[in-house]
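Colleague: I am new to this structure and would be grateful for a close look at a single part of it. Please take one question as the starting point and continue from there.

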Amino acid sequence: MQSSDPSAPRSQSEEIDTHSASLQTKFVVEFWGVRGSIPTPGSSTVRYGGNTSCVEMRLGEKRLIFDGGTGLRVLGLNLMKQMPVEAHIFFSHTHWDHIQGFPFFVPAFMPLNKFHIHGAIAPDGTTIKECLSDQMVNPNFPIPLQVMGSEMKFYDFSTGDVIRIDDIEIETAPLNHPNFAIGYRICWQGKTVVYCPDTEHYEDRFDENVLHLARKADLLIYDATYTNEEYYNPESPKIGWGHSTWQVGVEIAKKAGVKQVVMFQHDPSHHDNLLDEVQVALQSVFPNGLVAKEGMTIPIL
């Protein structure tokens, strides 16, 4: 599997060739937001990107979107060129960095479009519709969810449910994260992509839920917010914060028999040069590993 690097300038002909290649590939993953916690615009994050979590998967004619961080706004602007649009949007959880792009998702305001919105019922019984609506209620936001003019259908599920969309099968499992979070395993025509943001390994073991989701996957998208040095720093450890490290991501990928791993959910303090160093170190121990960049596309072949 190969990926494209958005940091290199492209000619018009190259852009056309890339688009043609995407059309010929049935299963494509594209990254629109790769940052965790808070958006980080600026000169030190321009190559990897500063938008928060949003990953698009195109499976034949179906479009799945995972999480609605600020990257969703950028994806929405791209989708405006392709209307009418129908997509399924899945939320891992409703912490701010995973939903803050939703009120700025322009296609959701357009009557011609249709969105199926999926989320697990929170431990307190809150539904995904209630969570998204709450962030758009005065005084948080000037425009309520009800103003969005697209056709929107909301689907609640329980942790561990299997979701089927035609011939796409999506397994769900809980992740080790404060409040709660959900990981997804997307299977289609013999290919598998696993989305595991916001998750932490246990002190004495790997999370069995993550290993189960990741089993023999073609691609694992994994929470690598920290390095091991940061996670175990005796002066300011990150243990119990609900996030993992790229080194643990490699161990999980190897143990689960994953073909390719992408390190995702970059800490706000991780500038481009540091992520370059992570990329080099990652590929020295897992050659088919990548550090997520905004605009990066991966065909699942």
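Is glutamate 208 buried or exposed? Please also describe the helix, the sheet and the cores in that part of the chain.

Modeller: The model is a predicted one. Glutamate 208 is exposed, because its relative accessible area is 57%, and a residue counts as exposed over 50%. This glutamate belongs to helix H5, which covers residues 208-214.

Helix H7 spans residues 246-256, and eight of its 11 residues are buried, so the helix is largely enclosed by the rest of the structure. The buried residues are Trp246, Gln247, Val248, Gly249, Val250, Ile252, Ala253 and Ala256. Just after H7, glycine 257 adopts a positive phi of about 70°.

Strands E11 and E12 are members of an open sheet of seven strands with mixed pairing, in the order E7-E8-E9-E10-E11-E12-E13. Strand E7 (162-165) and strand E13 (289-291) are at the edges; each has a single partner strand, so one side of each lacks a neighbour in the sheet. From one strand to the next, the twist averages 20°. Strand E12, residues 261-264, runs parallel to E13 and is joined to that strand by three bridges. Valine 261 has glycine 289 as its bridge partner in E13. Across E12 and E13 lies helix H8, made of residues 272-285, which runs at about 175° to E13.

The nonpolar cores complete the description. In the largest core, which has 33 residues, the members that touch the most others are Val29, Phe31, Met57, Leu64, Ile186 and Ile221. Strand E9 (residues 181-188) supplies the largest share of this core, four residues. Leaving aside residues up to four places away in sequence, isoleucine 221 touches Val29, Phe31, Val55, Met57, Val193, Val194, Tyr195, Cys196, Val262 and Phe264. Another core, of 29 residues, lies apart from the largest one and includes Leu220, Val248, Val258 and Phe286. Val248 is also among the buried residues of H7.

Notes: Residues are numbered from 1 along each chain as its sequence is written. This is a predicted model: local features need pLDDT of at least 70, side-chain atom pairs count only at pLDDT 80 or more; totals for chains, interfaces and linings use all residues. Side-chain values use heavy atoms; hydrogens and water are left out. Two strands pair if DSSP finds at least two bridges between them. Helices (H or I, at least four residues) and strands (E, at least two) are DSSP runs, numbered from the N terminus. Axes are lines fitted to C-alpha atoms, for helices over the stretch in contact, and angles run from 0 to 180 degrees between N-to-C directions. Contact means heavy atoms within 4.5 Å. Buried means under 20% relative accessible area, exposed over 50%, partly exposed in between (1.4 Å probe, protein chains only). A nonpolar core is a set of buried Ala, Val, Leu, Ile, Met, Phe, Trp, Tyr and Cys residues joined through side-chain atoms within 4.5 Å.
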